[in-house]
Amino acid sequence: MHVSSGRWAYGLFLALVTAVLWGILPIKLKQVLQAMDPVTVTWFRLLVSGGCLLVYLAAVRRLPDWRRLGPRGAWLVPLAVGGLVGNYVLYLMGLNLLSPGTAQLVVQMGPILLLVASVLVFKERFSLGQGLGLLVLLVGFGLFFNQRLAELLTSLGDYTAGVLTVLAASAVWTFYALGQKQLLSVWNSLQVMMVIYLSCALLLMPWVHPLEVLALTPLQGWLLLACCLNTLVAYGAFAEALAHWEASRVSATLAITPLVTFAAVAWAAWMWPEYVHAEQINGLGYGGALLVVLGSALTALGPSLIEGVRARRRRGGAR
């Protein structure tokens, strides 16, 4: 079993770096999607990230050994590849129909769905604290969508389709996460990401239009490169954060990602109103967003909170 290094401050820093990078990513993607289709954008991101990892691992002679995977583990790679491809493409399709903040908030359902899948597949425990966090999160979603709740429940316009598409992206992401979790028992995180990224890029080849990159403005071109590097650096920082800090606390820190997006959108809309538009959300909606973040954090920290209470009770009883 993996034990964190105990360098919690460094782990916190890396988790915050990940949250910031993931928080600003949809703003950049939104601009690139004006000239490129979601599949091609996804292909570029995966190809550049996977290519960089391939060069690095080849240079240090640590390319993955496929023999270690074995016949029983061979199905894990297609599972993770299909899940990540579906997640990336569906998320961009949904982002085309939604604002960056809304898309990023709906994505918070991904870890919740992974939690449910882990309970069903790996028979992990579901604590009272996690149940409370899930309840807070669902209430938060209800408040966040207060202005368009009737539209979500009664029609299938662009807004509803966007929300459902991002929910689908979150659902298929669980297959990637479950597959990656098992692959990490065979390869390290960089090896797993290289195999998955390059396999995803190869899978998407028949549907990509690489020449669309020529239609990008200089600004959009730089933003596409930033998106590619974001994929590489953010996931690297995330993996490294897990090496130095408990997974529950890393996940709780990453719950602030939607707030980073809302703040970044507000700042970008003020600085560059011709490119970025402010979120159309009322005060109740922002309160709901805060509850979603709180619920996500409680769900991630649920087991730790319960264990902490039990430990204090045991110490008190010992006296």
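Student: Which backbone oxygen does the side chain of Q220 reach?
Tutor: That of Q31, at 3.2 Å. Keep in mind that this is a predicted model.
Student: And which backbone nitrogen lies 3.0 Å from a polar atom of the Q220 side chain?
Tutor: The backbone nitrogen of T217.
Student: OK, where does Q220 lie?
Tutor: In helix α11, which covers residues 218–244.
Student: Is Q220 buried or exposed, and why?
Tutor: Buried, because its relative accessible area is 9%, and the cut-off for buried is under 20%.
Student: What does Q220 touch, leaving out residues up to four places away in sequence?
Tutor: Q31, V32, Q34, A35 and A215.
Student: Switching to pockets: what volume does the second largest pocket have?
Tutor: About 440 Å³. Its lining has 23 residues, and L98, S99, A278, E279 and Q280 are the closest to its centre.
Student: Which helix gives the most to that lining?
Tutor: α1, with 3 residues. Both α1 (8–32) and α5 (100–106) supply at least two.
Student: How does the lining of that pocket split by class?
Tutor: There are 11 nonpolar, 9 polar and 3 charged residues.
Student: Last topic, α13. How many residues does it have, and how far does it reach?
Tutor: Helix α13 has 15 residues, 257–271, and spans 21 Å from first C-alpha to last, close to the expected 21 Å.
Student: Which residues in α13 are buried?
Tutor: T257, P258, V260, T261, F262, A264, V265, A268 and A269.

Conventions
Residues are numbered from 1 along each chain as its sequence is written. This is a predicted model: local features need pLDDT of at least 70, side-chain atom pairs count only at pLDDT 80 or more; totals for chains, interfaces and linings use all residues. Side-chain values use heavy atoms; hydrogens and water are left out. Helices (H or I, at least four residues) and strands (E, at least two) are DSSP runs, numbered from the N terminus. The expected span of a helix is 1.5 Å times one less than its number of residues. Buried means under 20% relative accessible area, exposed over 50%, partly exposed in between (1.4 Å probe, protein chains only). On a 1 Å grid over the protein atoms alone, a cavity is a set of points where a 1.4 Å probe fits but cannot get out, and a pocket is an open set with protein on both sides within 12 Å along at least five of seven lines; lining residues have an atom within 4 Å of a point. Grid points are joined across faces, edges and corners, and a volume is the space filled by probe spheres set on the points. Ala, Val, Leu, Ile, Met, Phe, Trp, Tyr, Cys and Pro count as nonpolar, Asp, Glu, Lys and Arg as charged, and the others, Gly among them, as polar. A polar contact is a pair of N or O atoms within 3.5 Å; within protein, one must be able to donate a hydrogen and the other to accept it, and residues adjacent in sequence count only if both atoms are side-chain atoms. Contact means heavy atoms within 4.5 Å.
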